[in-house]
Each structure stands twice: as structure tokens, then as C-alpha cells.
Amino acid sequence: MHPATATEKGTFMNELDHFQEAAKNPEGYGKNLKASGRPVIGCLCSYAPEELIHAAGAHPMRLFGTKEAIVNADGHLQTYCCSLAKGVLENTLTGRLSFLDGAVFPHTCDTIQRLSDIWRLNTDYDFFADVVYPVKLNTQSALDYTVDIFERFKKNLESWSGQSLSEADLTRSIEIFNSIRDQLAEIYRMRSKDPACLSGSLLSSVVKGSMILDRDELPERLFRLRKEIEEGRYAVPGNERKKRLIVAGSLCDHPDFFSILEESDGVVVWDDLCTGSRYFDETVDIGVPPLEAIARRYVERRRPCPAKHLSNTARGEALAAMAEEHKASGVIFFLLKFCDPHAFDYPYLKEYLETRNVSVTLVEVENQLPPEGQLKTRLETFIHML
Amino acid sequence: MSQTVSKTPPPIAMDEKMKEIMTNYYIEAKTASDSGKRVAWITSGGPVEPLIAMDIIPVYPENHGAMIGASKMGGSLCEQAEAMGYSGDICSYARADIASAVTCGGPIGGLPRPDMLIACNNICGTVIKWYEVLARYYDAPLFIFDTPMCHTDYPEESKRYVQRQVHEYVSFLEQVTGRKLDQDKMEEVGRLSLEAQRLWQAVLDTATARPSPMTAFDGFYHLALIVTLRGTRVAVDYYRDLLAEMEDRVAKGIGAVPNERYRLMWDNLPIWYRLKWLSKKFAAHDAALVADTYNTAWCRSLRYIDENDFLGSMAEGYTRMYLNIGVDQMADTIIEMAEKYSVDGLVMHSNRSCKPYSFGQYDIQRMVRERLDIPCLIIESHMIDERSFSEAQTETRIDAFMELVEEKNQCKER
Ligand code: SF4
Ligand code: SF4
């Protein structure tokens, strides 16, 4: 893949290695950060208002499922629960997340709603908070309410940390996260322009890594990474000739998926994933009171999570526009089994896109990807039909 | 005790009345366009009173779902939804309803076309997605009544937000119908709704008697009006008569289960296509299901609503619904009920259709065991998709569970 400069020169690592390492071992990274004296707060999804956590002097760290066997979580969640919720619970019950100071549960789907209760009743971290978002985003009262729940969350953080959170702290955090979001979007744009500049699996580790790495250092890291990408350090010649695709779903924590796809002659040029563009889509306005500005980003974003209601066709419109903007001829729905919000949207999105000449296929995963051969055959067939 | 004669109790006289009312209700709904009335589809826990006050006919896809299930048509409708691309893992009410909308299938040939849709997420987030599907299909305006989850409390900001939506809701209805809400009528409907809820709770309370005059299975049947017609005089009159009948049974010592020896509690939605089978199965063990969390869900808000200011207080009542509270509060509710109805065991329906009702059951089970020391059984199914039900397995598990209940009781008696 890319030259292993760290071992060859012995002086520095590729910037990308930091992202990859964090993505491979988030718990290890979290442990070290905690040992350095920084409190760490686990975040359940891209609706966790990370700016507030960061402004309170803590490190917001996204929680993922697990590749390990599910042993303890089965005693709390039935077999028909998605692997993300199960995996997160398993990680906490087995003590793999003991470095956390606590976690925040943004209200999204029915599963996370109950996971929050189960977590609250079965763990004893210092900090715990629900951020009960509105389910609809298209009213003034929903926006005002969102500001109110951030106000409450801010108070939660203040009483836990013992320090008050000033407007200046918040603005500083907003600027950092805006820079992170801008740069991730920029990397996506570079890649949409030239899919050969970076492989899909490495790109996925860049986004995942960004949800784990120290945010104070992250803007610099992303800047250096962009330079390295521009230099062609990670070039994967051939990708520019592959069929351009979009992947949509909740989360994809399977870098192999992107490799298999590229071996099957397709390449993802943009995504609508909770572990992708939904993490960095749109920035927070400066010059507006900070909590309101953060609230506006969540409420007004054009590509909401399907557990939120913006309009009856918001997601269809957004995906069709995405496909057009990035010249993608197909959308792969990468869905976790037992994930209701996405499962409900799939039939309509399929129809909506197909009538606009965008082909659609579905890959459903439980905990692991389907066997490689099987997945490859499916993807190849889909791609060759485009 | 030894003198009790084992004989089947007479059928509940009000059963027939219920059939008649529901038939009329559906005829009225299906002919709404002839009578110039508008139809709103609304979720079971949705704030229906303003609709009634505005003479809009409320129709409940979930009640329709229950009918589909009871007529064992759920499996085939769900299958049709799956052919349309809907996952077999989502709520079977939603699957069956969507298929029935498209194919006019089901026991009554589908529901009347909606003029508007009202989705309230105080039961689940599923209804939001489901009603979006309906809104696209029927091209009907959708109002979402958003009731933030009360994990541990009902905070001020939720109060403000939901209260504002009460006004938004009324404006929405006024806009769609082009008519003003009559405040006096609204308050009258509110009073009738509360009265029906009080009566329904009183009916369920008669099951505290030994032997219990009714079981939860009877409740699942008589529940239909508190869901579909609360806010009307019909529901009030009906439950008043039903209450009288139950009180009469208590006075005469008529039990729903002949030789009632064990008293059980049910959690979650009914398994609609197996009501009779389950009811017989438990009765064969001399066990009566005297309490449950589903039938009572429609009276829970009573304590929060002010009879003299319905619109001003319904926000809290509708937000603090049983499914919209934390798992620990749900456990408290179950324990409280188990004590009130003196139950000997808990039967939990782990309902693959309903994640917000089912996730957390294992923890609830643990809390119940710690505090009450009663056996607990878990049965897994999809409430109206009969393809998911394993009779042999369920039967074995019920038998084993009843053995435990019997053993525990013998210990108690000793
Ligand atoms: S949105 Fe889907 S994947 Fe995410 S937690 Fe909910 S059910 Fe699981
Ligand atoms: S059964 Fe559960 S998931 Fe389905 S509509 Fe009712 S509350 Fe929602």
C-alpha cells in the first residue's frame, strides 16, 4: 500500500498511521489519553454535541461495537438487537471501557433509547447524560427545545467538572471542530475528484480515527495528512477508472468492505454514514450564541439521520443530489441487521433513486461482513450492471 | 376451597356490545367521505381528543393491526410488505398496515384513506418512520407530536416544548379542516376521555378480586374502545356497563378461570393470533392472567391530567406514557402492579416487533426477581406475524414455568 516510512527512516511516521492505529485500537488510545490526565467521555453517535464536552476539558470519544464475542450483553439485550448497541454494551460490561469517565446518549432510535437505560442501570461511571433531542427538526419549537437541552447538558458537564463553561471556551471548541469538519470534507472532496489519491479503507480509518484522536492535535494532523495525500503518498492507481459509488447506512466499521469493493471494480466517492459524512457535514456558525449555533447545525442539516424527521423526502432528495454532485451511478445501502430507522427508509430510497437512474443494492450485515467470496460476487454483479 | 365447582364461566355479556360498537365505528369511518367527515390516522398513544372535538374520525392503524393479527392475516400481509422491500425485522403492525394500505387487504379490506396523519412518538420511534411511509403513499399532511423520552424525569424544557406543540397541533387541525376548535367542546371531550380512562382502570381493578372476574385476555378485547373511542360518550357508557358486569361477577364469586389457583401478570403486547390458545393453556394450569402492562397503558396519564384544563395539561399526560419512561420506572410499575393484584408469576412477551417495549425486559426481570421472588417466563414472538411463533417450544416453556409457580406456592402455603 503506502511506504512504511516510519521503519525505513526511523524518524517519523506517516500521519495516516496515527489515524489507523487509533481506529484499530480505540480503547488503547483512550486508556493512554486518560492516563495523561484527560477525562474521556464516550459518545454514542454523531448527534453527541462534542463541542460542549471538549469545552468542558474532556475528550469526546466515539464508541463502536466490538469484534469480540458477545457474552455479557446477551443477558441484557435480546437476539434481535443491532450489533452496534450490543457491541457497545459488551465493551462496557467486560471492562474494556473502564478508562471512560462516562458517556452521553443522544436520543435517536428506539434501541439507543433503551441502551441508555440499560447502561445507566448497569455501569457506574462518574458521568452520565441523556441528550433527548427532538425527533422532528422542522419547527421553531424544536430548535428552541434543542437549545434548551444543550443548556441542560452544559449544566450536567459543569456540575461534573466543577468548572463553569464560558462562551469563550465554547467558541474555541467550535472553531476546532469546524476545522476538523472542514478538513474531513476537503479530504472527501479530494477523493471524489481523484479516487486514486487514497484507498477507501484508509479513508474510513481517517474518519474513524478523527472520532478518537485528541481533537486539540487533530486539525494539525489533518492538515499534514492532506499534504501527504496531495504528494501522492497513498496513491492507489487504477481507482480513477472504477465505477463511482455512494455508500449509505448507519455505520460501517469494516474497512475490508471498501477493499473488497475496490477489488470488485467499484469505488466509494462519497457516503451518507454516521461514521462518514454525517459526522462532519456542515459547520457551526460563529457569531451566533454558541449553544444556538450548535443546535442549528443539528436541526438544520440537510442530511439528517433517518431517526430524525426533516421532511418526508429529505433523505431521498439529499441522496439523489449527492449522487449527481459526485457523479455516482449507484448507491450501496450498508445496513446493520435489526436497525429499524434505516430499514424503514430503504424501500422508498431505492425507488426514489432508481426512478432517477441511480442503481441501488443492499448489503445487510449482522456483526461481521458476509463471507468475502459471497460479498464480492454480489458487488461485482451489481457493479457490472451499472 | 375444596367446594369450588370446576365450570366454565358464562361469557361476558358486553362482548356482543363491543362487536356492535366496533362494527359501527368502522362502518362510519369507511363511509366518512359520504358523510363529509374527515379521517385522521393516529398512533395508539396519540392525543386524539382534539380530533374528536373537531368531529374528525380517528382511525388507528395499530387497532387495525390487532384485528389483522386476531384474524391470522398478519403473516401473509407481512410477507407482502417484505416483498415490497421492508425488512422482516421491523414492527409487524407497520409491515401489515403498509401492505394492507397498498393491497386493500386484511379483515375489513383496508382502512379508509386518511385526510391527515398524526404520529406521536410516546410509544416508539417506529411510528415516525411508519407514518412517513404513509404520508408519502397517501400524500397526506403529517403532524408529529413529539414527546421527548422521560428517562428519569419530565424536565422543564420538555414541558415547554410539548405544550407549544399542543398549540401547533390545534393550528394544524384548524388549517387542514378550515374550522376553529370549539373550546367548550374540547373541554367536554377531555372530561369524557378522562371519565372513560377512570372507568377502564376500575374495570381492570376488579381483577384484584379472588377469583378474578376477568383476565388480561378479556382486557385485550375490551381495550379497543379506550384506544379508538376515548373522548366519546359511547366509550364512557360502555365501560360503565362493563364495570357493572364485572362487579356483579365479583359479588357472585364468578371467576374467569374456573378454580383459579395462580395469578399471573403479562408484559408487552398480546400475541394477537394466539390469544385463545394462550388463554386456554394458562387456564388448564388453573392460572389467571390478572394484570398486565398493556391494558393499563391507557390509564397511566390520568394522574397528570387536570380535568378542568385538558388542553393545558394533556402534554404531561401524553409524554409520561408507560413506554416513554425509563426501564427502572417500568420495573417499579410492574412491581407495584404485581403486589396490587397479588400475582404469583410474571409472563413477559419478548416482542421482536417492539424494541422499545422489549429491550430492557431482561433487566426488569432481574429487578422483579430481586424484589418479589416470583418466577418469570419469557416468550418470544412477533405480535401479529404468526410465522414467528413456535407452538411446541412455547408450550414446553409454559409447562415448566407453571411447575415453578406451583412449587413456589406450595412453599408459601407450608
Ligand atoms: S440507528 Fe440503527 S444501527 Fe444505530 S443504534 Fe439504532 S438500530 Fe442500531
Ligand atoms: S408495536 Fe411497538 S414498535 Fe410497533 S408501533 Fe407499537 S410501540 Fe411502536
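B:Met321 is in contact with B:Gly45, B:Asn122, B:Ala297 and B:Arg300, leaving aside its neighbours within four places in sequence. This is a predicted model, so each contact named here is computed from predicted positions. B:Met321 sits in the loop between H13 and helix H14 (327-340) of chain B. Its relative accessible area is 6%, so B:Met321 is buried; the cut-off for buried is under 20%. Now look along the chain. B:Met321 and B:Leu51 are 270 residues apart in sequence. Their C-alpha atoms are separated by 20 Å.

B:Ser313 lies in helix H13 of chain B, which covers residues 310-319. Is B:Ser313 buried or exposed? With 11% relative accessibility, B:Ser313 counts as buried. Its side chain has a polar partner. A polar atom of that side chain lies 2.8 Å from the backbone oxygen of B:Asp309. B:Ser313 also touches B:Tyr304, B:Ile305 and B:Asp306, when residues up to four places away in sequence are not counted.

Move to helix H10 of chain B, residues 224-228, and find B:Ile226 there. Its relative accessibility is 0%, so B:Ile226 counts as buried. Which residues surround this side of the chain? Beyond its neighbours within four places in sequence, B:Ile226 is in contact with B:Ala196, B:Gln197, B:Trp200, B:Tyr239 and B:Trp298. Take B:Gln197 from that list. B:Gln197 and B:Ile226 are 29 residues apart in sequence, yet their C-alpha atoms are 6.9 Å apart in space.

Next comes B:Phe172, in helix H7 (residues 156-177) of chain B. B:Phe172 is buried, because its relative accessible area is 13%. What does B:Phe172 contact, apart from neighbours within four places in sequence? The contacts are B:Met116, B:Ile118, B:Pro141, B:Leu142 and B:Phe143. Another pair gives a sense of distance. B:Phe172 and B:Ala283 are 111 residues apart in sequence. From C-alpha to C-alpha, they are 49 Å apart in space.

A:Ala295 is in helix H13 of chain A, residues 290-300. At 0% relative accessibility, A:Ala295 counts as buried. It touches A:Leu143, A:Thr146, A:Val147 and A:Phe150, with residues up to four places away in sequence left out. A:Glu380 is 85 residues from A:Ala295 along the chain. The C-alpha atoms of these two are separated by 42 Å.

Now turn to the backbone. Where is the cis peptide bond that joins B:Arg210 to its partner? It joins B:Arg210 and B:Pro211, and omega is about -5 degrees. B:Pro211 is in the loop between helix H8 (183-205) and helix H9 (216-222) of chain B.

Two loop residues carry a positive phi. A:Asp265 has a phi of about 80 degrees although it is not a glycine. Its place is the loop between helix H11 (255-263) and strand S6 (266-272) of chain A. A:Asp265 counts as partly exposed, because its relative accessibility is 37%. In chain B, look at B:Asn259. B:Asn259 is not a glycine either, and its positive phi is about 60 degrees. It lies in the loop between helix H11 (233-252) and strand S5 (262-267) of chain B. Its relative accessibility is 26%, so B:Asn259 counts as partly exposed.

The ligands come last. Ligand 1 takes up the space of the largest cavity. Which residues surround ligand 1? They are A:Cys82, A:Leu84, A:Cys109, A:Thr111, A:Ile112, A:Ser250, A:Leu336 and A:Cys339. By class, this shell has 6 nonpolar and 2 polar residues, with no charged ones.

Ligand 2 sits in the second largest cavity. Around ligand 2 are B:Glu62, B:Cys91, B:Ile123, B:Cys124, B:Thr126, B:Val127, B:Trp130, B:Ser353, B:Cys354 and B:Met383. The shell divides into 7 nonpolar, 2 polar and 1 charged.

Note on methods
Residues are numbered from 1 along each chain as its sequence is written. Chains are lettered from A and ligands numbered from 1 in the order in which they are written. This is a predicted model: local features need pLDDT of at least 70, side-chain atom pairs count only at pLDDT 80 or more; totals for chains, interfaces and linings use all residues. Side-chain values use heavy atoms; hydrogens and water are left out. Helices (H or I, at least four residues) and strands (E, at least two) are DSSP runs, numbered from the N terminus. Buried means under 20% relative accessible area, exposed over 50%, partly exposed in between (1.4 Å probe, protein chains only). A polar contact is a pair of N or O atoms within 3.5 Å; within protein, one must be able to donate a hydrogen and the other to accept it, and residues adjacent in sequence count only if both atoms are side-chain atoms. Contact means heavy atoms within 4.5 Å. A residue is near a molecule or strand if one of its heavy atoms lies within 4 Å of it. On a 1 Å grid over the protein atoms alone, a cavity is a set of points where a 1.4 Å probe fits but cannot get out, and a pocket is an open set with protein on both sides within 12 Å along at least five of seven lines; lining residues have an atom within 4 Å of a point. A molecule sits in a cavity or pocket if more than half of its atoms lie within 2 Å of its grid points. Ala, Val, Leu, Ile, Met, Phe, Trp, Tyr, Cys and Pro count as nonpolar, Asp, Glu, Lys and Arg as charged, and the others, Gly among them, as polar.
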